Amino acid sequence: MSIVIKGGTVVAADRSHAADVLIEGETIAAIGPDLAGDTVLDAEGAFIMPGGIDPHTHLEMPFMGTTAAETWESGTAAALAGGTTMVVDFVIPEGDDLLGALNIWEERATRQASSDYSYHMCITGWSQAIFEVMPQVVARGVNSFKHFMAYKGALMVNDDQMFASFQRCAELGALPLVHAENGDIVAALQQKLLADGITGPEGHAFSRPPEVEGEATNRAIMIADAAGVPVYIVHTSCEQAHEAIRRARQKGMRVYGEPLIQHLVLDESVYANADWDYAAQRVMSPPFRDKAHQDGLWAGLAAGSLQVVATDHCAFSAEQKRMGLDNFTRIPNGTGGLEDRLPVLWTKGVETGRLTPNEFVAVTSTNIARILNIYPRKGAVLPGSDADLVVLDPKLGKTISAARQASIIDYNVFEGVEVRGLPRYTLSRGEVVHSAGRNEAPRPGRGRFVPRPSFPAPHRALSTWKEIVAPRAVVRDPALMPIGV
Ligand code: URP
Ligand code: ZN
Ligand code: ZN
Ligand code: ZN
């Protein structure tokens with residue numbers, strides 16, 4: 001059985017061209033004019049792109065005394081409905097048991113996922129046991145390790161632990177990821193705000209100013225440089241953090257930055273809303289920022305100083321958010337966006353001229369596929385690539401509403417936003433898993449794990465360079481040495 005997508009424009013990260021796409025089985029067989037297949041999908045007036053890859057999700061994540069309500073089943077179905085065909089989720093171990101945690105994530109995902117998926121492993125402490133087990137994690141196809149510089153007393157690691165883990169990543173050809181906020185300062189500001197009587201969600205934003213993110217981003221970059229490893233900064237939300245990334249890249253450091261669709265579009269005014277629920281539902285870390293930060297983030301995506309737009313989808317119900325009714329520090333941190341990332345970015349990015357369609361593909365799919373070392377199996381429209389495709393219709397629009405979303409969350413931070421650029425079709429490994437106007441849920445469990453090999457090219461280049469410039473002892477002629485006393 002073959003499928004041909006006819007009459008559309010193929011939009012890749014490097015170019016756009018009119019062509020049909022022939023799919024045989026799970027992969028792309030041919031791209032060109034006048035192709036024929038058993039089933040024809042009409043792409044007239046639409047763009048054929050690589051499916052979105054969201055490298056930052058927390059499905060069913062145990063966090064802050066509860067568990068994120070978006071399940072692997074609902075979250076991956078929401079992803080496909082929005083044109084995202086692969087998610088990368090964060091495995092959170094208890095203590096040293098990295099493999100045990102990986103097994104738990106694997107059990108949930110295998111049973112429920114309808115999109116393809118992969119994992120990052122979180123390093124939430126440091127020990128000889130973690131040092132020894134990291135190669136086994138890499139051997140299981142997980143080539144990235146995440147470090148939290150915030151969430152003091154819970155997930156946070158200190159500089160010495162991060163340096164040790166980054167050095168291990170360098171040896172293993174794995175990529176360290178960092179949540180960059182100064183957790184000590186955040187904890188102190190939280191206590192001060194509570195003591196001053198600020199207990200509502202606005203306190204969340206006051207306790208995490210852009211400076212604490214800028215400082216931590218810079219520190220993470222310096223630690224990565226000392227360890228000789230590339231580094232990927234998650235949820236870059238502000239100019240201070242972007243500036244640190246830009247500066248490092250100009251010095252030739254391999255540093256990547258990931259703004260979220262939420263930070264590109266929403267701002268801190270939400271926390272002043274008179275409705276407590278509305279404000280609390282928008283509590284995430286880092287918080288939404290003053291609008292003045294957004295232009296720089298958009299410019300960074302076009303200029304290449306920022307590479308990826310993600311969601312950090314970590315969605316709690318309205319009821320769960322009320323755990324922090326008397327105290328903003330107990331509001332579970334996280335927002336959603338998995339279903340809306342592509343259409344919101346298309347509408348606010350491409351339709352405004354901030355991004356070209358090719359840049360849109362780069363930041364939603366191709367760049368992260370390369371960074372995570374799965375290109376061109378994913379992130380490409382090329383013969384031999386997995387047929388993970390979105391047929392994006394620039395005329396197809398909607399008003400975002402929780403009442404009509406695939407996600408099971410009872411609100412949406414983009415509620416009321418008008419978008420265009422919805423998928424006419426989403427295909428995952430050659431299967432049509434979403435068609436506009438049809439409400440058929442994809443089959444849970446059809447998604448597959450995507451293993452990611454270690455040592456992506458920039459990692460290899462950096463370790464070669466680091467070896468050449470490594471400190472070396474000066475060899476001196478013993479005959480010329482001064483005689484000791
Ligand atoms: O508030 C957020 N971002 N929650 C999810 C965990 C994290 O920090 O990424
Ligand atoms: Zn984070
Ligand atoms: Zn996150
Ligand atoms: Zn659907």
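1. Conventions. Because the model is predicted, local features are taken only at pLDDT of at least 70 and side-chain atom pairs only at pLDDT 80 or more, while totals for chains, interfaces and linings use all residues. Residues are numbered from 1 along each chain as its sequence is written, and chains are lettered from A and ligands numbered from 1 in the order in which they are written.

2. Ligand 1. The residues around ligand 1 are His58, His179, Met284, Ser285, Asp312, Cys314, Asn333 and Gly334, where a residue counts if its C-beta atom, placed from the backbone, lies within 6 Å of the ligand. By class, this shell holds 2 nonpolar, 5 polar and 1 charged residues, with Ala, Val, Leu, Ile, Met, Phe, Trp, Tyr, Cys and Pro taken as nonpolar, Asp, Glu, Lys and Arg as charged, and the others, Gly among them, as polar.

3. Helix α2. Helices (H or I, at least four residues) and strands (E, at least two) are DSSP runs numbered from the N terminus. The 15 residues of α2, residues 98-112, should span 21 Å, and the end C-alpha atoms are 21 Å apart, which agrees; the expected span is 1.5 Å times one less than the number of residues.

4. Leu98, Ala101, Leu102, Trp105, Ala109 and Gln112 are the buried residues of α2. They cover an arc of only 115° around the axis, which puts them on the same side of α2; the arc is that of the directions from the helix axis to the C-beta atoms. On the other side, Asn103, Glu107 and Arg111 are exposed. A residue is buried with 20 or more other C-beta atoms within 10 Å of its own, exposed with 12 or fewer, and partly exposed in between, C-beta atoms being placed from the backbone.

5. Strand pairing. Two strands pair if DSSP finds at least two bridges between them. Strand β2 (residues 9-11) pairs with β7 (residues 47-50) in the parallel sense over 2 bridges, and the bridge partner of Val10 is Ile48. Strand β7 is also joined by 4 bridges to β17 (residues 389-399), running antiparallel, with Pro50 opposite Leu389. In turn, 8 bridges join β17 to the antiparallel strand β18 (residues 418-428), where Glu418 stands opposite Thr399.

6. Asp38. This residue is found in the loop between β5 (27-32) and β6 (39-42), and Asp38 is exposed, with 9 other C-beta atoms within 10 Å.
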